[in-house]
Amino acid sequence: MSQQQKQKQQGKPKTAITPTREENYAEWYQQVVKSADLAETSPVRGCMVIKPWGYAIWENVQRGLDGMFKATGHKNAYFPLFIPLSFLEKEAEHVDGFAKECAVVTHHRLEAGPDGGLVPAGKLEEPLVVRPTSEMIIGATFAKWVQSHRDLPLLINQWANVVRWEMRTRMFLRTTEFLWQEGHTAHATDEEAKAETMQMLDVYADFAENWLAMPVIRGEKTEGERFPGAVETWCIESMMQDRKALQAGTSHFLGQNFAKAQEIQFQDDEGNREFCWTTSWGVSTRLIGGTIMTHADDDGMFCPPMVAPAHIVIQPVLHKPEAKDEVMAFCDKIIEALKTKVYGGRVIEVEYDTRDLRGGDKTWQWIKRGAPIRLEVGPRDVAEGNVFMARRDKGPKDKQSLKLEDFVERAADILQEIQDGLLARAKAFRKANTHVIDTEEAFYEFFKTPETADNETAPIHAGFVMAHFNGDPKLEERIKNDLAVTVRCIPLDGQKLCDDQGRPGTCPFTGEPSAKRVVWAKSY
RNA sequence: CAGGGCGUAGCUCAGCUUGGUAGAGCGGCGGCUUUGGGAGUCGCAGGUCGCAGGUUCGAAUCCUGUCGCCCUGACCA
């Protein structure tokens with residue numbers, strides 16, 4: 001018996017995705033990715049194929065962020081995929097952090113082998129590492145580009161793919177190869193580089209909230225979670241629907257560590273040679289994973305309108321041959337009218353689905369893909385000059401008839417209403433699952449996980465805890481070992497995560513003073 | 001990388017314990033009947049059972065190895 005049949009028998013409401021989030025979150029996530037046509041597994045271990053509907057979301061992410069980067073003075077450039085092994089060795093902590101997950105190219109030719117297959121030949125004198133991140137190759141280039149204080153600041157971004165040989169992969173959240181952007185900047189002063197780090201953190205938070213409708217907490221990573229080689233690592237952290245934290249973006253203040261390792265130096269206006277202060281910052285296709293786990297429900301994906309591949313899907317009802325021409329002409333009229341309307345900086349995008357499929361199939365496909373608005377247009381609507389509108393934020397059968405002119409006028413407003421609704425819902429969810437805790441006992445009780453067998457799926461995680469912390473890495477390590485919970489970040493002030501946000505108190509684990517409450521959670 | 005589960009048709013899986021010429025449902029294609037909601041019906045196509053060895057007269061089934069996927073953990077954007 002299929003799971004859907006079982007559901008029917010048990011009288012549960014039929015959902016497009018089985019299992020539901022509640023039943024098995026990890027499996028639900030995979031089913032959403034699959035049934036929304038976002039991506040699929042590939043013949044290559046740990047690597048996914050991003051399908052058109054998923055890639056279009058990424059293109060919208062790129063468009064949005066790229067505009068913000070350029071508005072803050074950054075220029076795009078492109079650097080090599082391969083990094084000579086010796087480059088990677090220059091910054092000790094950096095090597096340490098990435099060495100275990102590097103793909104290495106050792107040969108440059110294939111020859112016929114003794115058994116008929118191909119074998120690598122032409123061994124390279126120096127192996128090439130496939131970039132896991134580009135600090136080293138970009139730093140080496142910066143060293144040539146920067147001579148004088150007049151060359152600074154140097155503000156560069158690259159859109160690229162990187163490879164990290166992870167042990168365990170999950171589509172969009174952690175794949176061996178992934179797409180991202182990495183910003184790299186060099187500055188004359190400490191202050192300026194720090195300001196850049198914070199500026200880009202704010203850009204990320206702005207993008208996450210206003211484009212992806214994904215509420216984030218801005219904060220600093222503790223020592224243990226810092227980027228290898230960085231002086232400070234700042235991040236945006238978001239709560240997924242299983243109440244785990246997802247690090248959605250990072251911005252690093254690198255101090256002079258990389259500048260010294262790579263001799264990025266400039267002459268100041270008094271003729272002294274100084275090392276630059278550098279930053280790096282990045283977000284990846286993981287943002288799509290975060291968007292899925294923030295907004296998708298038991299009926300599948302829900303694309304925030306700002307990044308939706310199509311805003312509106314038109315489904316003509318064409319089963320009466322005598323009305324077909326009329327219906328299609330009316331649909332063309334809708335499409336033309338919407339071409340004059342703009343939402344979120346782009347002309348409203350319409351997907352006109354004329355495929356010869358049964359109505360229900362088509363409807364559910366678009367629900368599972370998460371199109372924000374569907375319009376059903378049949379003879380009845382044409383006769384009355386109406387469109388029959390269904391919104392992804394309402395029930396599948398909760399549909400509304402609107403005059404075509406009214407709909408066209410209001411379309412952008414409706415999309416914004418959907419976008420705002422998503423953010424509000426996600427914020428409310430985070431608020432409901434964020435708790436203030438002041439004793440060690442309550443902390444352990446909160447994060448205690450019920451015993452489960454080895455192969456059993458993990459129960460839904462408890463949530464975020466705002467608790468004081470004396471900052472001791474050994475204490476954090478102990479809690480990590482006990483509960484698999486870590487400090488997700490030390491939040492910046494003014495984010496209203498709890499009533500006494502940002503005020504000093506007492507560390508519940510040691511009784512020592514604590515500067516402020518930090519965010520504790522399990523994470524991806 | 002450790003523990004667990006699993007690789008059989010495009011997809012989900014049954015068959016394996018007790019070896020004897022490959023099954024179902026969904027999906028696809030074609031009919032008919034339908035149609036404002038994941039329809040019904042008839043027919044058709046589709047698999048050297050992950051791969052490599054071994055045992056056997058005979059292997060999807062037993063044994064060994066190997067590769068891959070999923071779950072839990074450690075590592076990490």
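A cavity is a set of grid points where a 1.4 Å probe fits but cannot get out, and a residue lines it if one of its atoms lies within 4 Å of such a point. In this predicted model, helix 6 supplies the largest share of the lining of the largest cavity, namely four residues.

**The cavity**

- One cavity of 30 Å³ or more is counted, and the space in the largest cavity is about 80 Å³.
- Its lining includes Glu135, Ile138, Gly139 and Phe142, together with His184, Thr185, Leu254 and Phe258.
- Gln262, Ile264, Thr278 and Thr279 are also among the residues that line the largest cavity.
- At least two lining residues come from each of helix 6 (135-145), strand 8, helix 8 (257-262) and strand 14.
- By class, the lining of this cavity comprises five nonpolar, six polar and one charged residues.

**The largest pocket**

- The largest pocket holds about 1,400 Å³ of space.
- Its lining consists of 44 residues, and those nearest the pocket centre are Phe98, Glu101, Arg164, Glu166 and Gln247.
- Helix 5 (92-98), strand 8 (177-187), strand 11 (245-255) and strand 14 (277-284) each contribute at least two residues to the pocket lining.

**The surface near RNA strand B**

- RNA strand B is surrounded by 40 residues, the closest being Arg168, Arg174, Arg358, Glu376 and Lys399.
- These surrounding residues comprise 11 nonpolar, 10 polar and 19 charged.
- Helix 2 (25-35), helix 11 (359-369) and helix 12 (379-384) each provide at least two residues of this surface, and helix 11 has the largest share, with four residues.
- Sugar or phosphate accounts for 41% of the atoms of RNA strand B within 4 Å of the protein, and bases account for the rest.
- In the side chain of Asp381, an N or O atom lies 2.6 Å from a base nitrogen of RNA strand B.
- Ser284 places a polar side-chain atom 3.1 Å from a base nitrogen of RNA strand B.
- Gly378 has a polar backbone atom at 3.4 Å from a base nitrogen of RNA strand B.

- Three strands form an open sheet in the order 4-6-5, and their pairing is antiparallel.
- Strand 4 (82-84) and strand 5 (104-112) are the edge strands; each has a single partner strand, so one side of each lacks a neighbour in the sheet.
- On average, neighbouring strands of this sheet are turned by 45° against each other, direction ignored.
- Seven bridges pair strand 5 with strand 6 (residues 118-130) in the antiparallel sense, and Glu111 stands opposite Val119 in strand 6.

- A second open sheet has five strands in the order 18-15-19-20-21, with mixed pairing.
- Strand 18 (350-352) and strand 21 (399-403) form its edges, each pairing on one side only.
- From one strand to the next, the twist averages 30°.
- Strand 15 (residues 312-316) and strand 19 (residues 373-377) run parallel and are joined by five bridges.
- Opposite Ile314 stands Leu375 in strand 19.

Methods: Residues numbered from 1 in each chain as written. Chains lettered and ligands numbered in written order. Predicted model: local features only at pLDDT ≥ 70, side-chain atom pairs only at ≥ 80, totals over all residues. Heavy atoms only, no water. Pairing = 2+ DSSP bridges. Axes fitted to C-alpha atoms, helices over the stretch in contact; angles between N-to-C directions. Near = heavy atom within 4 Å. Polar contact = N/O pair within 3.5 Å; in protein donor to acceptor, adjacent residues only side chain to side chain. Nonpolar A, V, L, I, M, F, W, Y, C, P; charged D, E, K, R; others polar. 1 Å grid on protein atoms, 1.4 Å probe; cavity = no way out; pocket = protein on both sides within 12 Å on 5 of 7 lines; lining within 4 Å. Points joined across faces, edges and corners; volume = space filled by probe spheres on them.
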